[in-house]
Amino acid sequence: MYTRQNQKNLTSSQRAKFVRAILKLKSKGIYDDFVRMHGRYYVSDGDTGLRVGHMAPTFFPWHRRLLLEFERQLQAVEPSVTLPYWDWTRDNSKTSSIWASDFLGGDGRASDGQVMTGPFAYSGGKWPISVGVTEEKYLTRQFGRPDRPIGLPTKAELDKAMQDPVYDTAPWNSTSSTRGFRNRLEGWTVGEAQGGLLHNRVHQWIGGHMTGATSPNDPVFWLHHAFIDLIWQRWQRMHPKSGYLPARTLAASDPEHGRVISFGEPMPPWNTKPSEVMDVQKIYRYEEY
Ligand code: CU
Ligand code: CU
């Protein structure tokens with residue numbers, strides 16, 4: 001059992017270790033395997049085939065499994081490292097310590113979005129983008145989406161989504177909007193013009209690589225998703241009687257049959273079922289403050 005901390009409370013030596021571990025995985029090619037995998041499982045409503053990571057009930061358990069795998073790799077190179085989480089409802093400024101030069105580095109420059117500070121700046125030579133959907137070889141960010149400004153989600157917006165006692169609802173995709181904690185949190189219920197809600201809006205607020213299928217190119221991906229994972233845990237505690245849905249395989253007559261994973265079906269590329277990652281108390285806990 002280990003603890004995942006709020007990133008703002010990491011000591012400078014913990015920050016250094018986390019960065020060092022990430023750079024080691026990058027140099028070994030392991031980091032880019034994760035970027036590639038995330039991109040491969042980015043399937044939208046309009047595509048065909050199984051939706052696993054996004055626009056689907058498995059949004060939470062699939063990312064939980066992905067984070068565990070990544071954390072194991074980090075620990076293989078730096079045994080004391082655990083994934084920190086970023087509470088963007090509180091540390092919501094463009095100058096928060098998360099963006100310091102000894103941690104994730106800051107905003108991209110105005111001309112081309114290139115991140116110029118910190119360990120992941122292209123000029124440092126350790127963070128070339130090799131698995132991208134665009135041409136850039138450098139990491140990009142555009143905090144606040146200057147062309148159509150948006151803010152990070154607020155505590156009030158998060159609290160509102162937490163009230164929904166239903167995990168997810170048909171058609172189990174990006175249009176599940178009337179009810180369902182999963183899509184309220186994932187954030188497709190509000191359009192692109194507003195940057196989406198909660199989880200999606202954070203990707204949009206950071207901008208650059210965080211907006212695409214290869215978003216793990218930006219290491220803040222892991223800190224964002226650790227917070228999403230913590231939010232899911234909080235929701236489970238608030239609604240102990242609300243289980244994962246759909247509980248059973250969808251009927252063959254259901255238009256979403258074969259596209260959505262139910263409670264007891266495996267989530268590729270692993271053989272792990274949502275039912276197996278509902279409770280992670282024996283593996284890790286979040287330090288909440
Ligand atoms: Cu994702
Ligand atoms: Cu995400």
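Modeller: Let us begin with helix H6, which is mostly covered, since nine of its nine residues are buried. Please keep in mind throughout that this is a predicted model.

Colleague: Against which helices do the buried residues of H6 pack?

Modeller: The buried residues of H6 include His199, Val202, His203, Trp205 and Ile206. As for the partners, the buried residues of H6 pack against H3, H4, H5 and H7.

Colleague: Which residues are the protein donors of the copper ion (ligand 2)?

Modeller: The sequence spacing of the donor residues for this ion is H-x3-H-x21-H. Each donor atom is an NE2 and lies 2.0 Å from the copper ion (ligand 2), and the residues that supply these atoms are His199, His203 and His225.

Colleague: How many residues apart in sequence are the parts that His199 and His225 tie together?

Modeller: The copper ion (ligand 2) has both His199 and His225 among its protein donors. His199 belongs to helix H6 while His225 belongs to helix H7, so the pair links parts of the sequence whose separation is 26 residues.

Colleague: Is His225 buried or exposed?

Modeller: A residue counts as buried when its relative accessible area is under 20%. His199, at 3% relative accessibility, falls under that limit and is buried. With a relative accessibility of 2%, His225 is likewise classed as buried.

Colleague: Which residues coordinate the copper ion (ligand 1)?

Modeller: This ion is 4.0 Å from the copper ion (ligand 2), and its donor residues follow the spacing H-x15-H-x8-H in sequence. The coordinating atoms are NE2 atoms at 2.0 to 2.1 Å, and they come from His38, His54 and His63.

Colleague: Which helices hold His38 and His63?

Modeller: His38 and His63 are both buried, and both coordinate the copper ion (ligand 1). The pair ties together parts that are 25 residues apart in sequence, because His38 lies in helix H2 and His63 in helix H3.

Colleague: Which element supplies the largest share of the largest nonpolar core?

Modeller: This core has 72 residues, and Trp86 and Trp222 are the members that touch the most others. Several elements each supply at least two of its residues, among them H1, H2, H3 and strand S2. The largest share amounts to 11 residues, and the element that provides it is H7.

Colleague: In what order do the elements of the protein run from the N terminus on?

Modeller: The protein contains seven helices and two strands. Read from the N terminus on, these elements follow the order β-α-α-α-α-α-α-α-β.

Colleague: What is the radius of gyration of the protein, and why does it agree with a compact globule?

Modeller: The C-alpha trace spans about 55 × 45 × 35 Å along its principal axes, and 54% of the 289 residues count as buried. A compact globule with 289 residues would have a radius of gyration near 19 Å, which agrees with the value for this protein, 18 Å.

Technical notes. Residues numbered from 1 in each chain as written. Chains lettered and ligands numbered in written order. Predicted model: local features only at pLDDT ≥ 70, side-chain atom pairs only at ≥ 80, totals over all residues. Heavy atoms only, no water. Core = buried A, V, L, I, M, F, W, Y, C linked by side-chain atoms within 4.5 Å. Buried < 20%, exposed > 50% of the residue type's maximum accessible area, 1.4 Å probe, protein only. Helix = DSSP H or I, 4+ residues; strand = E, 2+ residues; numbered from the N terminus. Donors = N, O, S within 2.8 Å, 3.2 Å for Na, K, Ca; no water. Contact = heavy atoms within 4.5 Å. Rg over C-alpha atoms; globule rule 2.2 N^0.38 Å.
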